[in-house]
Amino acid sequence: MSQKWFLSILLAGMMILSGAPGSWVQALDSETVDIVGSPFTDLADDDEAAESFALLYALDIFEGYGDGRVGPGHSLTRAQFAKIAVSLSGHQKLAETLHAQQPDFPDASQIPYWSRGWINAAHYLGLVVGRPDGSFDPNAPVTLAEAVTMLLRGEGYGGFVNPWPIAALDKARELGITSDIPRQVDLTPQMVLSRRRMALITARTMEVHPPSTTDPGKPDENKDTRRESLALTGIIETVGADYIVLDDSTLELAHTVALFGANSLQETVGIRVEVFLSPAGE
């Protein structure tokens, strides 16, 4: 089990055992959670994706239609998968912070209101970069190639431009995310992703180890599909009314900084953080 998800899964199991809805998860010991049934009324307990769906549901990554159904054979939109990818990367707080901001896409008026923060976060994190014409196309069905590209970028893998999507699909196969998909299907860029397939590949991505620090992989190279954000990681040294100093880099964004549990910006001094900036430095 990937270490980054161990605590979340353990807590989810404890919550469910304590009486929260969903008795389909049962903690066995301090290191595992056993999925014993389907969390959805339209998904059989023995479905190949039942455990994956249960895990995503327990971790609040995917909840289906909200009425007990999941529609395993149905598709997902690009907006819906952006939420899944951001949630999997652990940046729900960033999405919440960016919800009020207008998405930086020419078709922003077509982006559902509920998804604005998720799409903004996915864009700032470099998980998505939009269509070649600059649009996001939020209501189009997400394809297998698009989905695995978002998931892999969230794990720190890049360099999928030449050629895309073959390079991204090959990396997903190499890491075991799509190893059960026949190669001829794997090469179909426009294969629409079903919710069942989404659950399987997303759950498998949790087991993927990020690139080693000695071989981090190269970022996407093409200007139209490169990682469109800059991540600064370091210790917060000083905070002011409108700025923070992060390892000698002064950033005028203190008024936007929010950390769970902090009562004031001063309390964040000494904390290691990641700050994501847009290409414009915002």
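This is a predicted model: local features need pLDDT of at least 70, side-chain atom pairs count only at pLDDT 80 or more; totals for chains, interfaces and linings use all residues.
Colleague: What makes α2 and α9 roughly perpendicular to each other?

Modeller: The axes of α2 (residues 50-58) and α9 (residues 195-205) come within 8 Å and cross at roughly 70°, and angles of 65 to 115 degrees count as roughly perpendicular, so the two helices are described in that way. The axes are lines fitted to C-alpha atoms over the stretch in contact, with angles running from 0 to 180 degrees between N-to-C directions, and helices are DSSP runs (H or I, at least four residues).

Colleague: Which residues of α2 meet α9?

Modeller: With contact meaning heavy atoms within 4.5 Å, S52, F53 and L56 in α2 meet R195, R196, M198, A199, L200, T202 and A203 in α9. The residues of this contact divide into 6 nonpolar, 2 polar and 2 charged.

Colleague: How do you know that α6 is mostly covered?

Modeller: Buried means under 20% relative accessible area (1.4 Å probe, protein chains only), and 10 of the 11 residues of α6 (residues 144-154) are buried, including E146 and R153.

Colleague: Which residues have the most contacts inside the largest nonpolar core?

Modeller: They are F53, F62, F81, L193, M198 and I201, in a core of 53 residues, where a core is a set of buried Ala, Val, Leu, Ile, Met, Phe, Trp, Tyr and Cys residues joined through side-chain atoms within 4.5 Å. Both α2 and α9 are among the elements giving two or more residues to this core. Apart from it lies another core, of 8 residues, among them I236 and V275.

Residues are numbered from 1 along each chain as its sequence is written. Local features need pLDDT of at least 70 and side-chain atom pairs count only at pLDDT 80 or more, while totals for chains, interfaces and linings use all residues, and side-chain values use heavy atoms, with hydrogens and water left out.

Notes
Angles under 35 degrees count as roughly parallel, over 145 as roughly antiparallel, 65 to 115 as roughly perpendicular and the rest as oblique. Ala, Val, Leu, Ile, Met, Phe, Trp, Tyr, Cys and Pro count as nonpolar, Asp, Glu, Lys and Arg as charged, and the others, Gly among them, as polar. Buried means under 20% relative accessible area, exposed over 50%, partly exposed in between (1.4 Å probe, protein chains only).
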